[in-house]
Amino acid sequence: MQHAVRDTQSALGQSNGGIAGDQHAALDDHAVATWQVVREKLRAEFGATAYRYWLEPVALMAVEAGVARLGAPTRAMRDWVTQHYLDRIQKFWHAEDSDVHFVEINIVSGATAQNDASASSSSSTKSTSANATTARAKSARTSHSPENNTVVSAPSQSNGSGRTAIASMSDDGISAALDPRYTFDNFVLGKPNEFAYAAARRLAEAESVPFNPLFLYGGVGLGKTHLMHAIAWHIRRTQPHRTVIYLSAEKFMYRFIRALRDKNTVDFKDQFRSVDVLMVDDVQFISGKDSTQEEFFHTFNALVDQGRQIIVSADKSPSDLEDIEERLRSRLGSGLVADIHATTYELRLGILEAKAERQGVELPQRVMEFLAHKITANVRELEGALNRVIAHSQLVGREIGLEMVQDILHDVLRASERRVSIEEIQKRVAEHFNIKVSDMHSARRARAVARPRQVAMYLSKQLTTHSLPEIGRKFGGRDHTTVMHAVRKIEELHGTDPSLCEDIDLLRRMLES
């Protein structure tokens with residue numbers, strides 16, 4: 001069993017019974033048969049729903065040196081399977097093949113398992129079609145981009161469970177992976193997001209540039225990233241000859257810094273200025289970063305002048321972005337600006353119904369209404385609560401009911417009762433210390449500004465569910481290590497500085513009241 005994966009980052013094409021397409025011929029019959037037995041045992045133990053949602057998309061990549069290597073298409077799936085199923089997979093595998101002592105699960109772009117039904121007589125026809133599509137995409141990439149470093153693969157393949165395979169990424173990792181769940185078909189439409197959805201759909205279906213740029217903005221977890229992924233999926237499927245790059249503004253900055261360090265800015269410019277569609281998520285991250293803004297501005301102009309499409313997202317409208325050069329702010333607002341409002345009860349209920357149906361789970365109407373009423377912050381948190389309830393029901397075997405939901409989600413429900421925003425914290429702290437709210441985002445390091453800013457970061461960590469990087473972005477695009485330092489500093493001073501301790505306690509009471 002010495003069959004290593006040659007290139008886990010390539011598009012793997014159609015698979016057969018959970019065997020990655022390119023690897024099926026490389027793995028021996030014993031490894032393939034063992035994996036099929038393990039899969040059947042997992043299906044029997046955890047049930048068809050859990051198997052279909054979490055385990056079926058996992059593909060066998062290689063078996064070598066006593067290690068079975070599996071591939072999951074997304075980080076979230078890899079983490080969930082590792083946490084909840086890896087021990088059983090390893091036990092089942094060792095029972096069938098005592099030479100295998102470990103099972104390893106990696107994130108493999110393009111790896112997704114096809115369900116057992118895909119081994120029907122029509123699979124050869126589908127495989128031929130998929131290979132032809134992949135060949136056309138590769139040909140288009142070679143002819144369109146001399147350096148062959150952008151993404152063009154169309155996600156035209158679908159596995160038996162209806163989950164679209166992740167398109168392959170470029171070798172140097174310019175573009176981020178796309179989530180196969182984020183398509184137009186899976187987007188739940190409502191009053192708060194209908195304009196942004198219509199704009200995204202129009203742009204994705206257009207062969208020319210209808211408006212440039214498309215600027216999507218709204219709060220955390222309201223669907224900006226979903227729409228951007230949906231646009232990319234649609235373009236890659238219907239126009240595979242077009243090159244598409246999707247990445248965060250943070251990654252754009254890091255690649256630019258690396259190009260400066262390596263004295264390789266010419267290649268950097270060629271990579272980003274030769275694409276057909278450039279999609280940049282969370283552009284507010286480059287606030288206050290003058291050099292990155294300068295490069296992004298010139299990249300923006302170069303693409304617009306060539307008639308190439310640009311799509312940008314942020315948490316605020318262009319006019320409200322702080323520490324962004326006026327000329328760049330003007331450019332960002334020169335196309336179509338579409339906002340996504342906070343969800344309504346009806347939209348949240350529709351999202352829950354759609355998600356439950358997609359996962360093949362029947363939820364009592366009272367439970368869905370309860371969740372839609374109680375969890376109002378954003379769609380991401382709502383989906384997380386639903387996944388938590390479903391997972392608990394499947395793993396523990398407990399029937400889903402109102403009492404069970406209240407028990408499982410007690411922490412989420414308690415946090416939802418009184419939710420404090422980072423913006424509210426910044427405003428309260430600024431008022432208390434008699435500074436401007438804009439100082440929270442500025443680069444000023446004077447003690448009279450820096451200490452209140454650290455207090456605001458500390459309270460943001462204590463009173464909100466935001467991650468350190470998210471908090472940093474709200475404070476002028478600062479790095480998460482800056483937030484970490486601020487939190488530790490205030491924790492130290494909290495025990496040694498009685499005056500600061502009183503200030504923090506007073507602010508906490510005001511914010512929680």
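Let's begin with a pair you can find yourself: Asp407 and Arg398 join their side chains in a salt bridge, with N and O 3.3 Å apart. Keep in mind as you look that this is a predicted model. Where does this pair sit? Asp407 has a relative accessible area of 43%, so it counts as partly exposed. Arg398, with 30%, is partly exposed too.

Now move along to Arg444, which forms a salt bridge with Asp439; here the closest N and O atoms are 3.4 Å apart.

How many salt bridges turn up in a search of the whole structure? The search finds 22. One of them brings together the side chains of Asp315 and Lys474, at 3.3 Å from N to O. This pair links distant parts of the chain, 159 residues apart: Asp315 lies in the loop between E8 and H11, while Lys474 belongs to helix H19 (residues 468-474). Both Asp315 and Lys474 are buried.

Glu322 is found in the loop between strand E8 (309-314) and helix H11 (326-332). Its relative accessibility is 31%, which means that Glu322 counts as partly exposed. On the surface, Glu322 gathers with Asp290, Asp320 and Asp323 in a patch of negative charge. Patch members must have no salt bridge, so these four residues are unlike the paired ones above.

Terms used:
Residues numbered from 1 in each chain as written. Predicted model: local features only at pLDDT ≥ 70, side-chain atom pairs only at ≥ 80, totals over all residues. Heavy atoms only, no water. Patch = residues over 30% accessible without salt bridge, like charges linked within 9 Å, V, L, I, M, F, W, Y side chains within 5 Å. Areas by Shrake-Rupley, 256 points an atom, 1.4 Å probe, with all protein chains shown as cover. Salt bridge = Lys/Arg side-chain N within 4 Å of Asp/Glu carboxyl O. Lys, Arg positive; Asp, Glu negative; His and termini not counted. Charge placed at Lys NZ, Arg CZ, Asp CG, Glu CD. Helix = DSSP H or I, 4+ residues; strand = E, 2+ residues; numbered from the N terminus. Buried < 20%, exposed > 50% of the residue type's maximum accessible area, 1.4 Å probe, protein only.
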